[in-house]
Amino acid sequence: MTGNEALVRGAWEAGVKFASAYPGTPSTEILESMTERKEVKTEWAPNEKVAVEAAIGASIAGVRSMASMKHVGLNVAADSLFTYAYTGVNAGFVLVTADEPGQHSSQNEQDNRNYAKAAKIPMLEPSTSQEAKNMMRAAFAMSEVNDTPVLIRVTTRVCHSKGIVECGDRKKTVLTDYKKDVKKYLTVPAFVREMRKKVEERMTEFADYSNHSPFNKIYDNQKQTGVIASGQCYCYAKEVFGDDVNYLKLGFTNPLPDKLISRFCKGHGAQIAFDIKNEDKRVVSVLGDSTFFHTGINSLIEVLYNQSKTVNIILDNRITGMTGHQENPGSGRHADLSEAPVMEIEPIVRALGARNVKTIDPNDLTAVKETLDWALELGEPSVIITRWPCVLKKLSQQDQAEFKDVFKAKCRIEPALCVGCKVCLKAGCPALSVDPDVKKAMIDGPQCVGCGICAQLCAKKAIVKEERYDDKEHSFSRSRRTGNDPRK
């Protein structure tokens, strides 16, 4: 069966009596296939909102019902869904949203998992046709037991791919009597406030269910890397990585199984894996200052709280380097470039409880090596902060006070001493290259910032620093491309 056919089979087995839809790829075949089930009243609606409301009406009247549509159709039907989430159901009600990652035939790629979160309703995501059938059956039971609409999210690949499906018998459902209940179905503010309490209580119950749901499962392949994926994404990950990683496969995805996710993550954290296997390896993490302020601080809290013996290196560039020099809490400027207080990384790290912290000049290779050796010898977490402004940054007042002599020198090659060993190229500096004619290193003066790392690498002392900074012009005297002597 295709995924769409399997959804229909699952609904039929669950005893559905009414189905309504508005056509739209990749969901169209759901209602088309359902029309073959004579026990089910099916109808095309003029739009998705009408389809949902017709199915809601059937649910309130006491028969299991469903509606289906493509992802953008849920925009049209959202008003009705959100309200029904507050009132709850009478007979089971399931809504299928068919999303379109990749835009095979749609105008956008919106992710309707966000609708489940916003409406505060449970959501299921099948990855195969068999799961589509099983989840549809489970969704109707869940809907009635927990008095809630249920959202099933499928994607194009699930809808149209085929797989073997083990079928079951149709459930004989008892038709639920309709009872007039003004406080349940009339959504005026006085009643809705109480409904909201019920919604929150229901989601708390589902949070516990999610952590024990048979649709959320860990596949432990005894590997150091883990992949968390829902729905069809699990299949994609499986194709790429095979059994080379561990998987947390999510099928019940709203609310997420927080405890299960936490347990999965705690289990080949890489450092934990090395410790368990008694391997003499250490994890070294590297992140920029902006990333530290963004979410890296949370990861460091995890490391410090659980005493993972990782070496954590924070590159204090004094700016957001990777994305184009945007300001951040440690840069000393606001977005409009006005002066701002600097959030210093070292005091923050120490306030989090880090005992082993060192701040170093990353251009001093001896200090870098000694500090790394110090950190690797420790049996507990350490933090190394490399404090040096990005060469392209416009220095703030705080930076100018601390780094006033930064970038006021250039490096040059002494050709007579250079043996062409190319060790200096290990610095990865764009100013360094080798002259193919003489087979000696050369430095492009305009690109050199005078950090001196190449000079530290050169065993022959063929690279020297030369201060040629013009304070008035704020520029260096430029050397020729060959020869590399600024005095020529």
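## Helix α10 and its cover

What covers the buried residues of α10? In this predicted model, the elements that do so include the strands β6 (150–155), β7 (217–219), β8 (226–230) and β9 (246–250), together with the helix α7 (156–160). Helix α10 itself comprises residues 232–241, and its buried residues are Gln232, Tyr234, Cys235 and Ala237. Just after α10, Gly242 adopts a positive phi of about 55 degrees.

## Overall form of the chain

The chain contains 17 helices and 20 strands. Its radius of gyration is 31 Å, well over the 23 Å that the globule rule gives for 488 residues, so the chain is more spread out than a compact globule. Along the principal axes, the C-alpha trace spans about 95 × 50 × 45 Å.

Of the 488 residues, 47% are buried, and among contacts with a separation of 6 or more, 73% are between residues 24 or more positions apart. The accessible surface comes to about 24800 Å², and carbon and sulfur atoms account for 53% of that area.

## An exposed valine and a buried threonine

Val286 is located in strand β11, which covers residues 284–288, and this valine counts as exposed because its relative accessibility is 54%, where exposed means over 50%. Together with Val284, Leu315 and Leu376, Val286 makes a nonpolar surface patch of about 300 Å².

Thr386, in strand β14 (residues 382–387), is by contrast buried, with a relative accessible area of 11%. Leaving aside neighbours within four places in sequence, Thr386 is in contact with Ile313, Ile314, Leu315, Asp316, Ile360 and Pro362; Leu315 is also one of the residues of the nonpolar patch.

Conventions. Residues numbered from 1 in each chain as written. Predicted model: local features only at pLDDT ≥ 70, side-chain atom pairs only at ≥ 80, totals over all residues. Heavy atoms only, no water. Patch = residues over 30% accessible without salt bridge, like charges linked within 9 Å, V, L, I, M, F, W, Y side chains within 5 Å. Areas by Shrake-Rupley, 256 points an atom, 1.4 Å probe, with all protein chains shown as cover. Salt bridge = Lys/Arg side-chain N within 4 Å of Asp/Glu carboxyl O. Helix = DSSP H or I, 4+ residues; strand = E, 2+ residues; numbered from the N terminus. Buried < 20%, exposed > 50% of the residue type's maximum accessible area, 1.4 Å probe, protein only. Contact = heavy atoms within 4.5 Å. Rg over C-alpha atoms; globule rule 2.2 N^0.38 Å.
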